[in-house]
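Please read the following report alongside the sequence and the coordinates.

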Amino acid sequence: MSTVVNSERIPNNVHLADDKRLQRALEAWQPNYINWWKEMGPHGFMEDNVFLRTAISVESDGWANFDYVKMPDYRWGIFLADAVKDRTIGFGDHLGEPVWQQVPGEHRNALRRLIVTQGDTEPASVEQQRMLGHSCPSVYDLRNLFQVNVEEGRHLWAMVYLLHTYFAKDGREEAEALLERRSGDPNKPRILGAFNEPCTDWLSFFMFTFFTDRDGKFQLLALAESAFDPLSRTTRFMLTEEAHHMFVGETGIGRVVDRTAHIMKESKKDHPDDLRKLGVIDLPTIQKYLNLWYSLSLDLFGGEISSNAAASFATGLKGRAKEEQHEDHRALTGVYAMDVLKDGKIAREEVPLRNAMDDVLRDAYVDDCQRGVDKWNRFIDAHGIPFKLTLPSRRFHRHIGLYSDVTCDPQGNLISREAFEAKKAEWLPSEADKTFVKSLMTKPIYDPKQMASWISAPKQGIRGRAIDFEYVRRAEAS
Ligand code: BYC
Ligand code: FE
Ligand code: FE
């Protein structure tokens with residue numbers, strides 16, 4: 001079991017103290033990170049005491065330490081999951097060979113790019129969410145937002161550790177650049193599309209943590225298979241934190257849906273206008289937000305047919321989620337049937353499996369999303385309301401890949417751009433929908449005993465505490 005050193009400036013289980021150069025490099029990056037956090041992290045809450053979980057070791061039940069902490073004082077550390085003894089490469093051209101503890105020269109650029117892309121999403125999400133505290137539906141939710149934020153900050157640390165340790169000068173430059181790009185800034189945007197989208201209301205936040213963080217889960221699962229062992233070990237530990245982000249999204253939407261269905265049953269009303277007057281978010285509006293964040297998140301898997309994906313599979317840089325569950329780990333001869341565009345029509349075609357690896361990962365993601373949607377539908381059903389949320393077709397509203405040049409309806413039928421524009425407000429949040437959703441969230445709820453009108457209380461509190469526990473102690477209140 002690896003030893004954790006908490007007494008240092010940077011808590012870690014990577015023997016940082018034994019590598020003075022690396023330690024100095026990371027300690028030089030740390031103040032820049034803290035400056036970034038203060039500038040771009042949760043706006044207006046830096047002085048508050050927040051009941052947070054901090055990773056202090058990697059043992060399965062011992063790593064999560066809960067206590068009040070001011071966010072800028074959070075102990076962001078570097079933690080790798082324990083090494084697997086005699087681990088060998090699980091897929092691709094190097095199947096069965098020992099994993100790499102150093103970066104092979106020929107894979108250096110590709111690997112750095114994957115790590116930078118992964119790293120870039122982490123601060124991006126914090127930036128996207130930085131104003132949400134000012135409209136929180138409860139203190140419980142406020143704390144969960146901050147928990148997600150500090151852990152995304154730690155995920156940035158995880159990638160910066162790899163850049164500093166294995167990529168010398170260009171790694172250090174990339175680590176600086178990770179603090180310089182800004183979500184949504186046209187001059188220095190974040191790398192991937194969804195991470196430049198505004199996320200300024202809580203319905204979007206819960207959709208984001210359900211759909212977009214779930215892309216994170218699957219990308220991390222694929223990177224956890226990597227032949228580059230330090231990347232595998234960091235991402236394996238990140239996945240343990242990611243589980244909480246999934247929980248926030250799934251239960252968040254579940255509670256919104258439950259609240260609406262409850263009010264529908266109680267009031268015997270089902271017209272969106274009536275429900276909006278009653279202070280809840282009508283189900284068709286929830287469906288539109290779902291359509292938006294699902295389609296934005298599908299884009300994050302890259303193109304359906306990708307030579308980049310084929311190359312990273314071949315070289316062993318990035319596998320499939322749970323590679324051991326697949327039979328053919330070389331995937332040299334296999335084919336993958338997918339819908340493609342042919343002469344302006346949708347046609348089934350077989351693609352060499354390696355080129356379809358982004359879509360294989362997307363398949364696993366879609367199934368996982370569906371499980372969550374099924375749960376939400378059970379909440380609606382439990383109130384006897386005849387409405388079902390659905391995942392739109394993967395072809396709907398895409399900006400990356402085969403379907404980025406055409407327009408489809410939510411069922412996946414090709415339609416003209418005019419037809420799409422004419423129907424857009426029925427399928428995606430309109431300005432009026434956004435204005436309405438925001439109108440429910442103009443004031444924060446800082447009283448632990450209260451919950452906003454548009455969301456049910458959670459089933460239980462955190463770490464055995466009551467739901468109305470003071471998870472965030474506001475500085476001015478103390
Ligand atoms: N936006 O061959 P293609 C998370 C580019 S989320 C903009 O189809 P490839 C988190 C692509 O770079 C997980 N550009 O795809 C969640 C390429 O450019 P070049 C993040 C895009 O390369 C919530 C070109 O289009 N981790 O952790 O196989 C909160 C053709 O690309 C996009 C990762 O993504 C896009 N959406 O796959 C906090 C893992 N998609 O080569 C955190 C690391 C593609 O023509 N990244 N492009 O210049 C990867 O594995 C791959 O880079 C991707 C793309 C899966 C993203
Ligand atoms: Fe993350
Ligand atoms: Fe996350």
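Predicted model: local features only at pLDDT ≥ 70, side-chain atom pairs only at ≥ 80, totals over all residues.

Residues are numbered from 1 along each chain as its sequence is written, while chains are lettered from A and ligands numbered from 1 in the order in which they are written.

Helices (H or I, at least four residues) and strands (E, at least two) are DSSP runs numbered from the N terminus. Three strands make an open sheet in the order β2-β1-β7, with antiparallel pairing. β2 (64–70) and β7 are the edge strands, each with a single partner, so one side of each has no neighbour in the sheet. Strands count as paired if DSSP finds at least two bridges between them; β1 (residues 49–55) and β2 have seven, in the antiparallel sense. In this pairing, N49 is opposite K70 of β2. Helix α3 packs on the sheet and touches β1 and β7, its direction making about 40 degrees with that of β1.

Helix α3 (residues 139–166) also packs against helix α4 (residues 168–178), at an angle of about 155 degrees and with the axes 7 Å apart. Axes are lines fitted to C-alpha atoms, for helices over the stretch in contact, and angles run from 0 to 180 degrees between N-to-C directions. The two helices are therefore roughly antiparallel, a term for angles over 145 degrees. L156, V160, L163, H164 and Y166 of α3 meet G171, R172, E174, A175 and L178 of α4, where contact means C-beta atoms, placed from the backbone, within 7 Å.

Ligand 1 is surrounded by 25 residues, the closest being G216, G302, G303, S306 and N308. A residue is near the ligand if its C-beta atom, placed from the backbone, lies within 6 Å of it. α2 (108–128), α5 (202–223) and α9 each give two or more residues to this shell, and α2 has the largest share, six residues.

K322 is partly exposed, because 13 other C-beta atoms lie within 10 Å. R463 counts as exposed, with 11 such neighbours inside 10 Å. By these counts of other C-beta atoms within 10 Å, placed from the backbone, 20 or more means buried, 12 or fewer exposed, and anything in between partly exposed.

Notes: Parallel < 35°, antiparallel > 145°, perpendicular 65-115°, else oblique. Contact = placed C-beta atoms within 7 Å.
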